[in-house]
Amino acid sequence: EGLAYLNRALAINRKAKNPLGEPYEHLVAASMVDLATCYSRMGQHVSALQWLQDAITIEERLYGPDHKNVADSLHNMGVVLKMMGRDREANSVLERALANYRLHLAADHPLISTVLKKLSVPRDQW
């Protein structure tokens, strides 16, 4: 049921236009991240990964690769990859997220410590 609502929200966001007639792509990306979270919680990590990849593509186009929204999505992608047992890929993505977070957050911010923790251990030790 929740998935149906999220798909409907994505459909609405894809059709919505701002006063200049341009799409609200940031809302589309946010809906994709929401879908990825839902799929991940359902254990459907391949679907979650695809939604995150699509969201990151939009976010990087809208904001550039160093934006905090991109870092958040990369962080989520790293977690999904860890859950899939793809530690090497996960760590590469988490390193990108960490570097990005360091551009925007204080060195002692909890998100930085969270990513460092995820980088330090393989998924089977979480």
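**Exercises on helix packing**

Helices H4 and H5 cross in a left-handed manner (left-handed: the near helix is turned anticlockwise from the far one by less than a right angle; right-handed: clockwise). The model is predicted, local features need pLDDT of at least 70, and side-chain atom pairs count only at pLDDT 80 or more, whereas totals for chains, interfaces and linings use all residues. Residues are numbered from 1 along each chain as its sequence is written, and side-chain values use heavy atoms, with hydrogens and water left out.

**Exercise 1.** Characterise the relative direction of H4 and H5 and list the residues in their contact.

*Solution.* Step 1: H4 spans residues 68-83 and H5 residues 87-104 (helices are DSSP runs of H or I with at least four residues, strands runs of E with at least two, numbered from the N terminus). Step 2: their axes come within 8 Å and cross at roughly 155° (axes are lines fitted to C-alpha atoms, for helices over the stretch in contact, with angles from 0 to 180 degrees between N-to-C directions). Step 3: H4 and H5 are therefore roughly antiparallel (under 35 degrees is roughly parallel, over 145 roughly antiparallel, 65 to 115 roughly perpendicular, the rest oblique). Step 4: H4 contributes Lys68, Val70, Ala71, Asp72, Leu74, His75, Met77, Gly78, Val79, Leu81 and Lys82, while H5 contributes Asp87, Glu89, Ala90, Asn91, Val93, Leu94, Arg96, Ala97, Asn100, Tyr101 and His104 (contact: heavy atoms within 4.5 Å). Step 5: by class, the contact of H4 with H5 holds eleven nonpolar, five polar and six charged residues (Ala, Val, Leu, Ile, Met, Phe, Trp, Tyr, Cys and Pro are nonpolar; Asp, Glu, Lys and Arg are charged; the others, Gly among them, are polar).

**Exercise 2.** Are Ser73 and Ala4 buried or exposed?

*Solution.* Step 1: Ser73 belongs to H4 and is buried at 2% relative accessibility (buried is under 20% relative accessible area, exposed over 50%, partly exposed in between, with a 1.4 Å probe and protein chains only). Step 2: beyond residues up to four places away in sequence, Ser73 touches Val33, Leu52, Ile56 and Glu59. Step 3: Ala4 lies in H1, residues 2-15, and is exposed at 51%. Step 4: its C-alpha atom is 9.8 Å from that of Leu35, 31 residues apart along the chain.

**Exercise 3.** Describe which residues of H2 are buried and what covers them.

*Solution.* Step 1: Val28, Ala29, Ser31, Met32, Val33, Leu35, Ala36, Cys38, Tyr39 and Ser40 of H2 are buried. Step 2: their cover includes H1, H3 (45-63) and H4. Step 3: just after H2, Gly43 adopts a positive phi of about 80°.
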